[in-house]
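The sequence and structure come first, and the notes follow.

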Amino acid sequence: MIAKNKSNSSKRWLLEHFQDSCVKKAKQNRIRSRSWFKLEELDKHNKLFKPGMNIIDLGSAPGGWSQYAINKVGKTGSVIAFDMLPMEKIKGVKFFQGDFRDVHTLNFILNNLSNNTFNIVMSDMAPNITGYWSIDMPRIIEICKIALTISTYLLSEHGIFLVKSFQGEGLNELYTEIKTLFSRIKICKPKTSRSRSREIFILATK
């Protein structure tokens, strides 16, 4: 019964995905993913990006956020992207492949970038969702905390931290932890995020 339910759920998701207006728009405009539109909406309402900014994009593949960011910061800015999955080249974006949960990859990031200052650390990372939230939420919170660690080392004085999380157990504790490190914090739910999704974004500024 569980397998049948999961199969039906997958079919519904695929049908919804290919009928999604953002998916269609992304394909028409050669945009890497529908997540591009979420970042665009977050930027529109919060004025995140300016020309010349230096950006870190965590969990970047297939590249929607990096693609949006490099267009906003221009040639005087920079985008450095990381993901455990491969990502096709984006002009102006430096990409490194590795798993953040591996201590060697994390140390590589911190050791090699610690002499630079970044205006935004953003993370659209998420684990493979099983649908069992007692399993999924701890994995999600772990990923968010890794992104938070990177932000505490690399963000500039008035830097911005943007991270994707999900509603569920552990979110309140994560929110409180971020709040102790940043002067302003809020939870955002873009209209371009599917309404039935638990997905939210935490936006924090030093």
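## Salt bridges and cysteines

Lysine 72 is partly exposed, at 33% relative accessibility. The model is a predicted one. The side chain of lysine 72 forms a salt bridge with aspartate 43, at 3.6 Å from N to O. This pair links distant parts of the chain, with lysine 72 in helix α4 (residues 64-73) and aspartate 43 in helix α3, 29 residues apart. Aspartate 43 is buried, with a relative accessible area of 5%.

| Pair | N to O distance |
|---|---|
| Glutamate 199 and lysine 38 | 3.0 Å |
| Lysine 72 and aspartate 43 | 3.6 Å |
| Lysine 145 and glutamate 177 | 3.8 Å |

Glutamate 199 and lysine 38 meet in a salt bridge. Glutamate 199 belongs to strand β7 (residues 199-205) and lysine 38 to helix α3 (residues 35-46), so their contact ties together parts 161 residues apart in sequence. Glutamate 199 is buried at 5% relative accessibility, and lysine 38 is buried at 9%.

Lysine 145 and glutamate 177 form a salt bridge. This pair also links distant parts of the chain: lysine 145 is in helix α6 (residues 133-154) and glutamate 177 in helix α7 (residues 171-179), 32 residues apart. Lysine 145 is partly exposed at 37%, and glutamate 177 is partly exposed at 33%.

How many disulfides does the whole structure hold? The search finds zero. Cysteine 144 is buried at 2% relative accessibility, and cysteine 188 is buried at 10%.

Note on methods:
Residues are numbered from 1 along each chain as its sequence is written. This is a predicted model: local features need pLDDT of at least 70, side-chain atom pairs count only at pLDDT 80 or more; totals for chains, interfaces and linings use all residues. Side-chain values use heavy atoms; hydrogens and water are left out. A disulfide is a pair of cysteine sulfur atoms within 2.5 Å. Buried means under 20% relative accessible area, exposed over 50%, partly exposed in between (1.4 Å probe, protein chains only). A salt bridge is a side-chain nitrogen of Lys or Arg within 4 Å of a carboxyl oxygen of Asp or Glu. Helices (H or I, at least four residues) and strands (E, at least two) are DSSP runs, numbered from the N terminus.
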